[in-house]
Amino acid sequence: MLRTEPSARQAPAADDGTRPGRGPELLVLLFSAGAAVAAVAQPFVLGRTLDLLLRDGDAGRWLTLTAGLLLGELLLDSLTSLFTGRCSAGWTAAIRLRAFAGLLGAVPDRARGCTPGDVGTRLTLNAADAGSAPAARAALTASLVTPVGALAALAVVDVWVAACVLAGLPALALVLRAFARDTGTSVAAYQHTQSEIASRLLEALDGTATIAAAGTAARERRRVLAPLGELATLGGRMWALHGRALGRSGVLVPLLILAATAVGGLRVASGAMTVGDLLAACRYAQLTAGVGVAASLLGAVVRGRAARGRTLALERMPALSYGTRGLPPDGPGDLELRGVRVVRDGREVLRADGVRIPGGATAAVVGRSGAGKSVLAAVAGRLIDPDEGHVLLDGVRLDRLTREALRTEIAFAFERPALGEGTVAEAVATGPRPVSREEVRQAALAAGADGFIRRLPRGYDTPLPAAPLSGGEHQRLGLARAFAHAGRLLIMDDATSSLDTATEHEVDRALRRSPRPGTRLVVAHRPSVAGRADLVVWLEEGKVRSVASHRDLWTLPDYRAVFGVVGVEASAPGAKPALPPEPEEARP
Ligand SMILES: Nc1ncnc2c1ncn2[C@@H]1O[C@H](COP(=O)(O)OP(=O)(O)OP(=O)(O)O)[C@@H](O)[C@H]1O
């Protein structure tokens with residue numbers, strides 16, 4: 001589950017229009033306070049009008065004033081609704097953008113715990129609830145004008161009736177407090193369960209082929225909907241709390257009004273109040289005790305606060321900070337891992353000390369599944385920082401480099417590249433520096449992608465959503481993008497896993513012909529890839545077991561076992577095991 005980590009370095013506060021002005025919020029406050037003032041003034045004016053009508057049969061200006069107040073309240077209420085909508089929309093968009101920026105700027109493996117469903121819920125439902133809170137808060141503040149103003153006006157009309165209403169207010173305040181407290185807990189649990197269902201649903205959608213193949217649709221449906229019971233219970237509890245608050249206030253408020261009317265009646269009987277005063281006093285008692293409006297606004301504020309916590313968790317995800325140094329110009333790309341340790345969930349997942357890869361060399365990173373290959377690749381290109389030790393490129397620590405130096409000199413290619421929805425050419429060209437059309441084509445040629453791109457309906461200008469690509473073709477576009485932007489270090493993490501051996505070999509040959517080959521770190525699962533590398537970094541259970549050439553390592557049964565080659569070649573005592581044969585199609 002996502003947590004905010006206040007001590008961690010955080011993404012810089014966004015200052016790109018993601019902080020809406022307080023204008024709409026202030027207008028909501030102003031208009032709703034105005035509407036409240038009009039509501040408070042009405043009983044007094046109405047009482048006065050009634051008295052004049054009863055006495056003289058003509059209320060003169062007072063009648064016009066009554067109508068004006070009624071219309072004014074109506075107009076102010078409409079303006080409040082209009083600016084509430086604007087305020088909520090502005091804040092929702094801002095909160096969403098900030099959470100999204102935080103997520104995209106986060107250290108990638110920290111974002112690993114976010115499931116798509118959970119992120120989706122936070123960015124949609126939770127952001128909308130959080131965005132509604134500022135307007136609700138403004139309206140709630142303004143709603144205080146009504147009871148306070150009504151009580152003051154009541155005191156002016158008759159102090160005894162006011163005292164009677166005042167005596168009942170603490171009970172109403174307690175009802176509201178209990179409502180706010182209990183609702184806060186239920187709302188947080190409700191939002192969490194909502195995101196749990198969304199996560200499960202998206203997981204299921206991601207695995208539709210597996211579910212169909214295994215015939216487990218019914219089981220999957222049960223799994224996705226399992227938290228539904230809890231959601232219903234939590235939803236029921238929230239409605240119950242709301243209902244209880246309304247029920248309690250529904251008893252208290254009429255009792256209070258009844259008591260105020262009784263006291264007012266006695267005062268009229270004793271001649272201390274007029275009939276118009278009684279009318280005003282009853283209405284003021286009603287306004288003072290009008291807890292229903294406050295309860296729903298309070299509910300929105302509480303819901304918004306819980307939701308804001310959930311969007312803030314995305315916004316404040318730990319991000320990398322950058323230094324101020326550049327790299328020495330024309331450096332060869334020497335890579336060194338010094339005393340590197342990476343710890344996750346209390347477990348050491350990588351230890352690498354004294355690993356040096358000379359500039360221009362190709363190093364294969366090999367090891368069994370879970371050995372730490374991707375972690376090493378991420379540390380080497382500073383997608384993550386090690387918990388201890390340093391990575392140096394041409395003698396400069398990566399964490400001291402500027403963001404620009406880091407991203408223009410180190411390129412990555414991944415197993416499943418995210419290519420966006422632009423055209424094929426745009427997908428390849430997107431990166432830290434502008435790339436010409438010719439460079440795009442050269443990169444595509446090197447990645448073995450030019451051929452299939454030309455066969456697409458509009459060639460390089462085919463929009464990706466209209467390009468039916470196979471897994472290998474998709475991967476080749478990712479490779480082309482990495483080649484187009486490669487600086488002195490290129491890291492390929494399983495980036496050729498979907499290519500056939502011949503294409504993979506072609507890609508390797510093209511890279512070697514590149515005018516500026518640079519250093520390459522390739523996560524490899526095939527012995528042929530390791531065999532073509534200048535040296536191999538062999539990982540075992542998170543530790544570097546050896547850095548040597550594939551030829552030398554192949555003599556070791558444990559090394560051969562990494563590739564699933566067990567025993568056979570080592571069977572002749574003293575004989576040096578043969579290298580595995582290159583697949584026929586891989587030979588130049
Ligand atoms: N953010 C993380 N939180 C917890 N554990 C992690 C994290 N990142 C990596 N690990 C753990 O570190 C170990 C090494 O992971 P890594 O992805 O580097 O393996 P790998 O050698 O690339 O495996 P494969 O060949 O299967 O892709 C794994 O046990 C993995 O679960």
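In the predicted model, helix H11, which spans residues 373–380, gives the most to the shell around the ligand, contributing 3 residues. In total, 13 residues surround the ligand, and the closest are Arg-344, Val-349, Ser-369, Lys-373 and Ser-374. When sorted by class, this shell around the ligand comprises 5 charged, 5 polar and 3 nonpolar residues.

The largest nonpolar core has 73 residues, of which Ala-364, Val-365, Val-428 and Ala-480 touch the most other members. Once neighbours within four places in sequence are left aside, the contacts of Ala-364 are with Val-522, Ala-524, Val-529, Ala-530, Ala-533 and Val-536. Apart from this core lies another, of 70 residues, with Ala-36, Ala-162, Val-165 and Met-317 among them. In soluble globular proteins, nonpolar side chains tend to be buried together.

With regard to backbone geometry, most residues other than glycine have a negative phi. Asp-494, however, has a positive phi, near 60 degrees, and is placed in the loop between strand E8 (489–493) and helix H17 (501–513); because 18 C-beta neighbours lie inside 10 Å, Asp-494 counts as partly exposed. A positive phi, near 45 degrees, is likewise found at Glu-541, in the loop that links strand E10 (535–540) and strand E11 (543–548). Glu-541 has 13 other C-beta atoms within 10 Å and is therefore partly exposed.

Asp-77, by contrast, is located in helix H2, residues 61–105, and is partly exposed because 16 other C-beta atoms lie within 10 Å. Although Asp-77 and Ser-32 are 45 residues apart along the chain, their C-alpha atoms are separated by 6.6 Å.

Methods: Residues numbered from 1 in each chain as written. Predicted model: local features only at pLDDT ≥ 70, side-chain atom pairs only at ≥ 80, totals over all residues. Helix = DSSP H or I, 4+ residues; strand = E, 2+ residues; numbered from the N terminus. Buried ≥ 20, exposed ≤ 12 C-beta atoms within 10 Å, placed from the backbone. Near = placed C-beta within 6 Å. Nonpolar A, V, L, I, M, F, W, Y, C, P; charged D, E, K, R; others polar. Core = buried A, V, L, I, M, F, W, Y, C linked by C-beta atoms within 7 Å. Contact = placed C-beta atoms within 7 Å.
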